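Hello,

Here is the structure I promised to pass along.

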Amino acid sequence: MNYKNIYGLQTVSYTHLYVYKRQKLSYLQKVEIMMQTTSHSKPTQDIVKVAAIQMASGPYVSANLSEAERLIETAVNLGAKLVVLPEYFAIMGLKETDKVAVREEEGKGPIQGFLSNMASKHKIWLIGGTIPLTSNFPNKVRNSCLVFNDQGKQVARYDKIHLFGLDLGNEHYHEEKTIEAGNAIKVVESPFGKIGLSVCYDLRFPELYRAMGEVNIIVVPSAFTDTTGKAHWESLIRARAIENLSYVIAPAQGGYHVSGRETHGNSMIVDPWGVVLDRLPRGSGVVIATMNPSFQESLRKSLPALKHRTIKIVQH
């Protein structure tokens, strides 16, 4: 039996597994090839490339949209059918209040128009990181993650629930001063399976992801500080993947910003076993990987942890 695996190996024979030793593959990558060659897997058209965009956004919306367009086109040229932008991709202002000045009503405005046009032009599903939408307060925004299908239609919206707060040394962040928190969990049906939407600080609250149910993909557009990112970012991303046996797409802001803020970067895509498939440490760029539903299904059958849950979420 011959099989060309999704990590880019040349076609190999099942009877010549010694080839793996030459490829410096992780244990799990070897396991995946074994599963693919010995099980009745789904048709190969289910295998899809997904991309996470990393940026170091500035205070000017038009410049950020131009950079996002360039990076989306790069992802499309690499074969991505699902592309996810980072939190605050359209603006990282000089002041926290700058985003309030460019907030949009849902369904209107240049940022949403850009997302719709990019999705329909490239025939991709596009998740717009977060953008500032109007809130119930004149001095605040909703930090909203919008999903557009390949026809350019908005099909989902998630408003960030958990608002970041930090007082550590010279770093002080209080998102509640300029953001109105959301209150609804959102899972969207897509050609790639169920996608659970979350944003940045949500990562620290695993109960959010449990409440999503069995999703195929979790997205976490983020702008982690460099301080907290160095300490916790990768651990949190991989933990959410492992405990939910889900792919996690985590695009991030990564670099120095005009405001003086430094973001951690390290955008990554992680598979359901917690293996980092691709990452970008710093700067603008594209992280891309292949998502294999058959592999995910086989893991969930082999380790049915999601079926073994006995503690249910209790609302107080």
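In which kind of crossing, left-handed or right-handed, does α3 pass α5? The crossing is right-handed; a crossing gets that name if the near helix is turned clockwise from the far one by less than a right angle, and left-handed if anticlockwise.

Before the rest, a word on the source. This is a predicted model, in which local features need pLDDT of at least 70 and side-chain atom pairs count only at pLDDT 80 or more, while totals for chains, interfaces and linings use all residues. Residues are numbered from 1 along each chain as its sequence is written, and side-chain values use heavy atoms, with hydrogens and water left out.

The overall picture

The chain has eight helices and 19 strands, taken as DSSP runs numbered from the N terminus (helices are H or I, at least four residues; strands are E, at least two). Of its 316 residues, 54% are buried, where buried means under 20% relative accessible area, exposed over 50%, and partly exposed in between (1.4 Å probe, protein chains only). Taking contacts between residues at least 6 apart in sequence, 65% join residues at least 24 apart; a contact means heavy atoms within 4.5 Å.

The helix pair

Back to α3 (residues 61-77) and α5 (residues 110-122): their axes come within 11 Å and cross at roughly 15°. That makes the two helices roughly parallel, since angles under 35 degrees count as such, over 145 as roughly antiparallel, 65 to 115 as roughly perpendicular and the rest as oblique. The axes are lines fitted to C-alpha atoms, for helices over the stretch in contact, and the angles run from 0 to 180 degrees between N-to-C directions. On the α3 side, the residues in contact include Leu-65, Ile-72 and Val-76, and those they meet in α5 include Ile-111, Phe-114 and Met-118. The residues of this contact divide into nine nonpolar, one polar and three charged.

Aromatic rings

There are five aromatic pairs in the structure, counting rings of Phe, Tyr and Trp (its six-membered ring) whose centres lie within 6.5 Å, with planes under 30 degrees apart called stacked, over 60 edge-to-face and the rest tilted. Tyr-201 and Phe-205 make an edge-to-face pair, with 5.3 Å between centres and 80° between planes. Ring pairs also join these two with Phe-164 and Tyr-173 in a cluster. Tyr-201 is buried, at 18% relative accessibility.

Most residues other than glycine have a negative phi. Cys-200, however, has a positive phi near 45°. Cys-200 sits in the loop between β12 (193-197) and α6 (206-211) and is buried at 7% relative accessibility. Asn-266 also has a positive phi, about 55°; its place is the loop between β16 (262-264) and β17 (267-270), and Asn-266 is buried too, at 15%.

A buried serine

Ser-246 lies in the loop between α7 (226-244) and β14 (247-250), with a relative accessible area of 0%. What does Ser-246 touch, not counting residues up to four places away in sequence? Its partners include Val-215, Ile-217, Val-270, Asp-271, Gln-296 and Arg-300. Pro-272 is another one of them; Ser-246 and Pro-272 are 26 residues apart in sequence but 4.4 Å apart in space, C-alpha to C-alpha.

Note on methods
Nonpolar A, V, L, I, M, F, W, Y, C, P; charged D, E, K, R; others polar.
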